[in-house]
Amino acid sequence: MLEELTLQFGIPGAVGFVPGVNGLPKAMLSHQSGATAEIYLHGAHVTSWRAVGGDDLLFMSAASAFEAGKPIRGGIPVIFPQFGGGPLPAHGFARLTEWEPTLSAVEENGDVECVLHLEDTPATRQLWPHPFRLELAVTLAARALAVRMTVENSGAAPFSFTAALHTYFSVADVRRVAVRGLRGVTYLDTLRDDARAVETPEAITFSAETDRIYVAAPDVVQVEDASRRRTITIHKHNMPDVVVWNPWTAKAQRMPDFGDTEYPRMVCVETGHVAEPHAVPAGGVWQGSTRFRVS
Ligand code: BG6
């Protein structure tokens, strides 16, 4: 399988396919600057992103599962067609399913792109009775990573979905992290039965479990890691909402695939269509994207 993938989608020096943890296939992207990224076909899950000379910008839990039917904990889980709980498995089935590469390319400016897709199968239709095609395009630049999600309704009836890029950023100590750009935005506090409140401080800081959906948030949000003197600028497009999450101590202990003491080293700042489902008419297409830039 890896040989076939390499033959079809490999680009010497830029895109390769190798066995990842437990032999699960992953794509390795290499930019001429030295930046790298890794994407598991399981979930089209980005598990690593490094700019040249730097450590990983994404957090991965040492306790993560890497097996069929289970989500990977860390990186960028792709959430579709259901954010959070509901009739489907938590956060939908896209992160639990094997995707296939569609194309790979080195663009004229040197950026490296890998596109993967997922289509409905008898198994997905049993959970969610809609024909669809989902595409994830990951583009690696020298100091940026862009992820574009496309949802196509290939059926004859409309459907609605919620979706997100559930990005886990690696931070030195979440107690010294500030998330900026959400002041004045209304959020739903998942820890208080979705009570509505308006963000008032200039920056969000962390001293307890935090789980909030910022509704119709501005398109630019920054994650400042004071300890590492590093800022990640998140630039989203056509993804209205931002979710900010850190499980802190008690929830970390309740999660079997997350280490009890790992919470200070991560923060999730997620982008997507989360607060309200988005409707796609028969034959219609929705596209949303997020670009992460490190400085
Ligand atoms: C976040 C939710 O997006 O994902 C949290 O806001 C949830 O409530 C977290 O705990 C992790 O979810 P999961 O299904 O990956 O454990």
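**View 1. Strands that line the largest cavity of the predicted model.** In this predicted model, strand S18 makes the greatest contribution to the lining of the largest cavity, giving three residues. Strand S18 covers residues 230-237, and strand S11 (168-170) and strand S17 (220-225) likewise each supply at least two residues of that lining. The residues that line the largest cavity are Phe169, Ser170, Val171, Val223, Asp225, Arg230, Thr231 and Ile232.

**View 2. Space and residue classes in the largest cavity.** The largest cavity holds about 50 Å³ of space, and the count of cavities of 30 Å³ or more comes to one. Sorted by class, the lining of the largest cavity consists of four nonpolar residues, two polar residues and two charged residues.

**View 3. The largest pocket and the residues closest to its centre.** The space in the largest pocket comes to about 490 Å³. The pocket is lined by 22 residues, of which Phe83, Gly84, Gly85, His91 and Asp211 are the closest to its centre. Two or more residues of this lining come from strand S16 (210-214), and two or more also come from strand S19 (241-246). When the lining of the largest pocket is divided by class, 10 of its residues are nonpolar, five are polar and seven are charged.

**View 4. The ligand and the residues that surround it.** The ligand is placed in the largest pocket, where the residues around the ligand are Arg73, Phe83, His91, Arg95, His166, Asp211, Val243, Trp245, Lys251 and Glu270. Phe83, His91 and Asp211, which belong to this shell, are also among the residues closest to the centre of the largest pocket. By class, the shell around the ligand is made up of five charged residues, three nonpolar residues and two polar residues.

View 5. In the side chain of His166, an N or O atom is found 2.7 Å from an oxygen atom of the ligand. For Arg95, the distance between an N or O atom of the side chain and an oxygen atom of the ligand is 2.9 Å, and a polar side-chain atom of Glu270 is likewise placed 2.9 Å from a ligand oxygen atom.

Notes: Residues numbered from 1 in each chain as written. Predicted model: local features only at pLDDT ≥ 70, side-chain atom pairs only at ≥ 80, totals over all residues. Heavy atoms only, no water. Near = heavy atom within 4 Å. Polar contact = N/O pair within 3.5 Å; in protein donor to acceptor, adjacent residues only side chain to side chain. 1 Å grid on protein atoms, 1.4 Å probe; cavity = no way out; pocket = protein on both sides within 12 Å on 5 of 7 lines; lining within 4 Å. Sits in = over half its atoms within 2 Å of the grid points. Nonpolar A, V, L, I, M, F, W, Y, C, P; charged D, E, K, R; others polar. Points joined across faces, edges and corners; volume = space filled by probe spheres on them. Helix = DSSP H or I, 4+ residues; strand = E, 2+ residues; numbered from the N terminus.
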